[in-house]
Amino acid sequence: MVKRFGDNTVLDNLNFTVSHGERVTLIGPSGSGKTTILRLVMTLEELTDGYIYVGGTPLQYEQQGGKRARIPDKRRRRTTTDIGMVFQHFNLFPNMTVLENVIEAPIHVMGLSKDEAVAKAEALLDQVGMAWKKDARPSELSGGQQQRIAIARALAMDPEILLLDEVTSALDPELVGEVLGVLKDIAAETDISMLIVTHEMQFARDVSDRVMMFDQGSIVEEGKPDKIFSEPEHQRTRDFLRAVL
Ligand code: ADP
């Protein structure tokens, strides 16, 4: 895939696959294109060229009369239910309760009945340790609690892949552990695919099947976390890890 913003080529002929159940973490300096990849998969940005497939279905664009065109809204909607994203800033609906945040999309996008959606949401809130706050508003909760609810909300859509974009970087340091702990449990207990951008190198090491080191929109090197963190082959990876570890 190729992504340009004006003259700035952010991703240049990038090509990679995340297998079913695989956890892949993107690391690399700020501005190297990591978040753009997640936003493209989430269809929040348009690809300049190429395709992204999720579960065998091409995302975001289809060829129409030789022109690249946005796919119709209806289809966008369907394909994006295959993907769950958790953002740096939680992005919960502030005017809804915790429970309402989690049942909203399953009812309106997936077409679950309210009873089905509530049962599912309660189980997921339990999984992230937040069932006891189901009637609270986001503003009454800590950042770590809000992020755990955002994780439950993403999982409520049964996504094929969960995209995690710097999910702890807006949190006070003492709240980081509870969010990473929940994600580690989900990684251990489910076979959901994950594409992760994080500065938490220990988390990346613990949870990833594969780590990809990015610089300037290209993969510098990739491999199992032990290999990338303990024996990086490229000087750029060594320099990056020395700066962040
Ligand atoms: P990273 O996540 O690795 O820090 P980003 O994907 O956020 O990197 O950014 C990669 C490059 O794309 C940067 O040069 C950034 O300035 C540029 N970029 C990202 N989003 C936009 C945008 N909406 N408009 C213009 N340039 C953008």
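These are legends for a set of close-up views of a predicted model.

**View 1. The whole chain, before we zoom in.**
The protein chain carries nine helices and twelve strands. Laid along its principal axes, the C-alpha trace spans about 50 × 50 × 30 Å. A compact globule of 245 residues would have a radius of gyration near 18 Å, and the chain comes out at 18 Å, so the two agree. Buried residues account for 37% of the 245 residues. As for who touches whom, take the contacts with a separation of 6 or more: 65% of them link residues 24 or more positions apart.

**View 2. The β11-β12 hairpin.**
Zoom in on one end of the strand order and you find β11 and β12 forming a hairpin, with two residues between them. The two strands run antiparallel, and five bridges join β11 (residues 210-215) to β12. In the turn sits Gln216, with a positive phi of about 50°. For context, most residues other than glycine have a negative phi.

Which residues of α3 (residues 98-108) are buried? They are Val98, Leu99, Asn101, Val102, Ile103 and Pro106. These buried residues pack against two other helices, α4 (114-127) and α5 (143-155).

**View 3. The shell around the ligand.**
The ligand is surrounded by Phe5, Asn8, Val10, Gly28, Ser30, Gly31, Ser32, Gly33, Lys34, Thr35 and Thr36. By class, that shell has two nonpolar, eight polar and one charged residues. Which element supplies the largest share of the shell? That is α1, with three residues. Both β2 (8-11) and α1 (34-41) supply at least two residues each.

Asp158 is in the loop between α5 and β9, and Glu166 is in the loop between β9 and α6 (173-189). Phi of Asp158 is near 50°, a positive value in a residue other than glycine. Glu166 isn't a glycine either, and has a positive phi of about 50°. Is Asp158 buried or exposed? Asp158 counts as exposed because it has 12 C-beta neighbours inside 10 Å, and the cut-off for exposed is 12 or fewer. Glu166 has 18 such neighbours inside 10 Å, so Glu166 counts as partly exposed.

**View 4. Glu140, in the loop between α4 and α5.**
Glu140 is exposed, with 12 other C-beta atoms within 10 Å. To get your bearings, find Pro94 as well: Glu140 and Pro94 are 46 residues apart in sequence and 10.0 Å apart in space, C-alpha to C-alpha.

**View 5. Arg205 and its contacts.**
Arg205 lies in helix α7 (residues 201-207). With 16 other C-beta atoms within 10 Å, Arg205 is partly exposed. Which residues is Arg205 in contact with, leaving aside its neighbours within four places in sequence? Those are Pro225 and Phe229. Glu189 gives another reference point: Arg205 and Glu189 are 16 residues apart in sequence and 17 Å apart in space, C-alpha to C-alpha.

Notes: Residues are numbered from 1 along each chain as its sequence is written. This is a predicted model: local features need pLDDT of at least 70, side-chain atom pairs count only at pLDDT 80 or more; totals for chains, interfaces and linings use all residues. A residue is buried if 20 or more other C-beta atoms lie within 10 Å of its own, exposed if 12 or fewer, and partly exposed in between; C-beta atoms are placed from the backbone. Helices (H or I, at least four residues) and strands (E, at least two) are DSSP runs, numbered from the N terminus. Two residues are in contact if their C-beta atoms, placed from the backbone, lie within 7 Å. Two strands pair if DSSP finds at least two bridges between them. The radius of gyration is taken over C-alpha atoms; the globule rule is 2.2 Å times the number of residues to the power 0.38. A residue is near a molecule or strand if its C-beta atom, placed from the backbone, lies within 6 Å of it. Ala, Val, Leu, Ile, Met, Phe, Trp, Tyr, Cys and Pro count as nonpolar, Asp, Glu, Lys and Arg as charged, and the others, Gly among them, as polar.
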